[in-house]
Amino acid sequence: MRYMLFLHLLGASVWVGGHLVLLLSVLPGALRRRDVQPVRTFEALYERVGIPALLLQIATGIWLAGQWLPHAQWFGDSPIAHLVQAKLALLAFTALLGIHARLAIIPKLDAQRLGQLGVHIVLITLTAVAFVWVGAGFRFGGLF
C-alpha cells in the first residue's frame, strides 16, 4: 500500500504542480501580451508528463480506494465513501474539462479565446487542488 500511495502522491504532485505553474506563471504573461504561444509551448511540454501522471493517479486511486473501502460500498453513506464519491466527482469534472478543452478551446485557440482558456485553466487548477484537499481527508477522517 505504501508504494501505491507514493505513486499516487507523485502523480498528484506533477498534476497539481504543473497546473499551478501554468496558472500562476505562464497564463498571466500570455494574457498580458495576448499571446497564445507561451500556453501552447507549456501545454506541449507538460502533456508528456501531466497526462501520464493523471493516468497514474487514476490507476493508483482506484486501487487505494478499494483498500480503504470495498468497491461495493463506494456509494454508501460513510465518511470514507463520501471521500471516494468526492474523488470520483472531481475525476468526472476533470474529464469534462479535458474533453471541452481538447474539442472546443484548443483547436480554435487565438488571442480572442485566450480568456476562455484562462477560465478553463482556473477551473482545472482548482479541481486539482480540491483533489489534494479530499485526499487529505483519508488521513484526517473526512472532508472537513
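## Helix H3 and its cover

In this predicted model, the buried residues of H3 are covered by elements that include helix H1 (2–33), helix H2 (37–68) and helix H4 (114–140). Those buried residues are Ile80, Ala81, Leu83, Val84, Ala86, Lys87, Leu90, Thr94, Leu97, Ala101 and Ile105.

The length of H3 fits a helix. At 1.5 Å a residue, its 27 residues (79–105) should span 39 Å. The end C-alpha atoms are 37 Å apart, which agrees.

## Threonine 127 in H4

Threonine 127 is found in helix H4. With a relative accessible area of 5%, threonine 127 counts as buried because the cut-off is under 20%. Neighbours within four places in sequence aside, threonine 127 is in contact with Leu90, Phe93, Thr94 and Leu97.

## Transmembrane annotation

An unreviewed UniProt entry lists residues 6–28, 49–68, 88–105 and 117–138 as "transmembrane region". Residues 49–68 are 100% helix, with end C-alpha atoms 28 Å apart. Residues 117–138 are 100% helix too, and their end C-alpha atoms lie 32 Å apart.

The largest pocket has a volume of about 640 Å³. H1, H2, H3 and H4 each give two or more residues to its lining. H2 gives the largest share, eight residues. Of the 25 lining residues, His8, Leu64, Lys87, Gly135 and Phe138 lie nearest the centre. The lining divides into 18 nonpolar, five polar and two charged residues.

The second largest pocket has a volume of about 410 Å³. It is lined by 23 residues, and Trp15, His19, Glu43, Ile51 and Gly98 are the closest to its centre. Its lining holds 15 nonpolar, five polar and three charged residues.

Terms used:
Residues numbered from 1 in each chain as written. Predicted model: local features only at pLDDT ≥ 70, side-chain atom pairs only at ≥ 80, totals over all residues. Heavy atoms only, no water. Helix = DSSP H or I, 4+ residues; strand = E, 2+ residues; numbered from the N terminus. Expected span 1.5 Å × (residues − 1). Buried < 20%, exposed > 50% of the residue type's maximum accessible area, 1.4 Å probe, protein only. Contact = heavy atoms within 4.5 Å. UniProt positions renumbered as here; feature names shortened; annotations may be inferred. 1 Å grid on protein atoms, 1.4 Å probe; cavity = no way out; pocket = protein on both sides within 12 Å on 5 of 7 lines; lining within 4 Å. Points joined across faces, edges and corners; volume = space filled by probe spheres on them. Nonpolar A, V, L, I, M, F, W, Y, C, P; charged D, E, K, R; others polar.
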